[in-house]
Amino acid sequence: MGFSGNLKDFPFPDILQVIAREKKNGILLVEWKDLIVAYYIKNGQIIFARPIDKITRVYTEQNFPELLRKLRVKEEVIPKILEKYLLNRLDQREGIFSLIFGFIKYRSDEKAPIPIEQIILEASRKLTPMEVRRKISDDMLTFMITPEGKEVVKNLKLTPVEEKVLELIDGHRTVEDIRRELFPTPPIEINRALYGLWSAGIIKRVRRGKRHKPEGLTVDILKRIIEKVKEL
Amino acid sequence: MLGLLKKELLKRDNKKKIKILISGPFAAGKTQFIKTISEIEPLTTEKKTTKDKEKSVKDFTTVAMDFGKITIDDEHELYLFGTPGQSRFDFMWDILGKGALGIIVLVDSTNPQTFHEARQIINFFESNYPVPMVVGANKQDLPDAWPPEMIKAALNLDTEDIPVIPVVATDKESVKNALLTLLQEIYKEFG
């Protein structure tokens, strides 16, 4: 099971968001303009990156500890590798990605050198105004901090704007309110922060107000509609 | 075509109309969804697609709305309104959203480049017309379809009470299932 797409239409924070939420093992393959990189995923975290000449290599070399031995990669250099092949490429848009879950065999003790939520925030900081508008598309959007978000954020390095935005998230303030309160911070920076925090699962959307019961709608009518649709 | 639609709406004035909205990005399968379940031949406002990118996907597109109907009993009719998919027609979301009982947002599961449009539609209705909503991951019969649980994660719906269900808009049982899921959500909310 997996999925594929184009980085122009489906930017990095959104791919990482799916990886983080699914919490599975697998490989993210990105065919960049200049090279192909395999990103190794363990429990929804990116733990390693490796440029490859042939895509088939990731299928033939499924044992991760063995692969590290073969490549002579020491644990302490992995953050540098991730920086080179992932963080430094987050502003690039030309590339095809495919995500395949399963098949990689890990030990139990490999750890992610950079939390995926941090990478999501970094990637969100590089989004264009048009890309940001795809997610922060309504000024009336309202957010609250998730229970997990409170814990996750303790291990992240936020920018001053992200910190200020997070302080204002209370389940009541709209995007418009936050922009007004943080004036003269540029709206794009605020929107990027919201994009990143939302994609990283630190905040979530809340519905503004209660859903209104349509006039004249009774339980009896609802039951009749349900019965009718079942009969179709 | 709009004249026909107006005539249809006016001649049924004595019946109570219950409105459900079928929304979603361009080419998500909204018109087909309504065609599959409506008891009348749906009234559509389709025009030839003009933009090159859109022409490569389909020849005709909805520019105002689609309209289908299911008669519930002598006093009630369920109206299905399909919104146009392209965001340049988003003023119609506002017009059609008023008074809706619930919304089904269809997504083309094979086309991740349209997911952000689906997200914008969900944001719009959640902010402006907060009614029960279901996301239908359409085209699940195609080999490269994203599974519903991944679409749920991609649309930031994993922490919300909006179900994402598999849909094949050409299959009547699948369309019925989507409608019933929405109706159950409405029942949970207001029943």
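Student: How many residues of domain 1 of chain A are in contact with residues of domain 2 of chain A?
Tutor: Two residues are in contact if their C-beta atoms, placed from the backbone, lie within 7 Å. Here five residues of domain 1 of chain A contact six residues of domain 2 of chain A. This is a predicted model, in which local features need pLDDT of at least 70, side-chain atom pairs count only at pLDDT 80 or more, and totals for chains, interfaces and linings use all residues. Residues are numbered from 1 along each chain as its sequence is written, while chains are lettered from A and ligands numbered from 1 in the order in which they are written.

Student: Where do the two domains of chain A lie?
Tutor: Domain bounds come from an automatic or database domain assignment. In chain A, domain 1 covers 2-114 and domain 2 covers 127-206. Their centres, taken over C-alpha atoms, are separated by 27 Å.

Student: At what angle do helices H8 and H10 of chain A cross?
Tutor: Helices (H or I, at least four residues) and strands (E, at least two) are DSSP runs, numbered from the N terminus. Axes are lines fitted to C-alpha atoms, for helices over the stretch in contact, and angles run from 0 to 180 degrees between N-to-C directions. The axes of H8(A) (residues 160-168) and H10(A) (residues 187-199) cross at roughly 70° and come within 9 Å. The two helices are therefore roughly perpendicular to each other (angles of 65 to 115 degrees). Among the residues in this contact are A:Val165 of H8(A) and A:Leu194 of H10(A).

Student: Which residues join helices H2 and H7 in chain B?
Tutor: H2(B) (residues 30-37) and H7(B) pack at about 100°, with axes 9 Å apart. B:Phe33, B:Thr36 and B:Ile37 of H2(B) meet B:Lys172, B:Val175, B:Lys176 and B:Leu179 of H7(B).

Student: How many residues does each chain bring to the contact between the chains?
Tutor: Chain B brings 40 residues and chain A brings 39 residues. H7(B) provides eight residues, the largest share of the side of chain B that touches chain A.

Student: Where is confidence lowest in chain B?
Tutor: pLDDT is the predictor's confidence in each residue, from 0 to 100. Chain B averages 84, but helix H3 (residues 52-55) of chain B has the lowest mean in that chain, 57. Where pLDDT is low, the predicted coordinates should not be read in detail. The model scores ipTM 0.87 and pTM 0.88.

Notes: Angles under 35 degrees count as roughly parallel, over 145 as roughly antiparallel, 65 to 115 as roughly perpendicular and the rest as oblique.
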